Amino acid sequence: MNRTPLFPAATPGARPAPLPGAGPVPVPVPAAVRFRAACPDCRGRFELAAAALRLAIGATSRTTFYTFTCPECGASVRKPAGERIIELLTGGGVRTLRLHTAL
């Protein structure tokens with residue numbers, strides 16, 4: 001699997017990140033938040049709005065991932081999401097689905 005990092009694109013007027021250990025600070029998410037991504041199929045690079053991404057958080061690292069549809073080739077892309085990716089996506093207003101196992 002091609003692991004292309006996902007980073008938030010620079011947004012004008014964005015606030016700096018809080019200091020480590022300062023605890024969560026509620027910050028309004030501007031509608032213009034965009035994330036840089038890449039398609040492993042066509043190798044296209046582009047920016048996506050938060051609404052174009054979906055984050056699924058599972059019990060393990062194998063079941064935690066984000067998905068999007070490539071705007072260039074239409075491929076459905078699924079990539080693993082580590083702690084930092086989860087933090088960036090949830091902070092950027094991406095819709096999140098928490099996966100639960102049946103007991």
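Predicted model: local features only at pLDDT ≥ 70, side-chain atom pairs only at ≥ 80, totals over all residues.
User: What percentage of the 103 residues is buried?
Analyst: A residue counts as buried when its relative accessible area is under 20%. In this chain of 103 residues, the buried share is 31%.

User: In what order do the strands of the open sheet lie, and which are the edge strands?
Analyst: The chain has seven strands and one helix, in the sequence pattern β-β-β-β-β-β-α-β. Four strands form an open sheet with mixed pairing, in the order E6-E5-E4-E7. Two of them pair on one side only, namely the edge strands E6 (76-80) and E7 (95-98).

User: Which residue in E6 is the bridge partner of Phe65?
Analyst: Strand E5 covers residues 65-69 and runs antiparallel to E6, with five bridges joining the two. For Phe65, the bridge partner in E6 is Pro80.

User: At what angle to E4 does helix H1 run?
Analyst: Helix H1 spans residues 83-91 and lies across E4 (54-57), E5 and E7. Angles are taken between N-to-C directions, from 0 to 180 degrees. Relative to E4, helix H1 runs at about 130°.

User: What share of the contacts between residues at least 6 apart in sequence joins residues at least 24 apart?
Analyst: A contact requires heavy atoms within 4.5 Å. Among contacts between residues at least 6 apart, the share joining residues at least 24 apart is 55%.

Methods:
Residues numbered from 1 in each chain as written. Heavy atoms only, no water. Buried < 20%, exposed > 50% of the residue type's maximum accessible area, 1.4 Å probe, protein only. Pairing = 2+ DSSP bridges.
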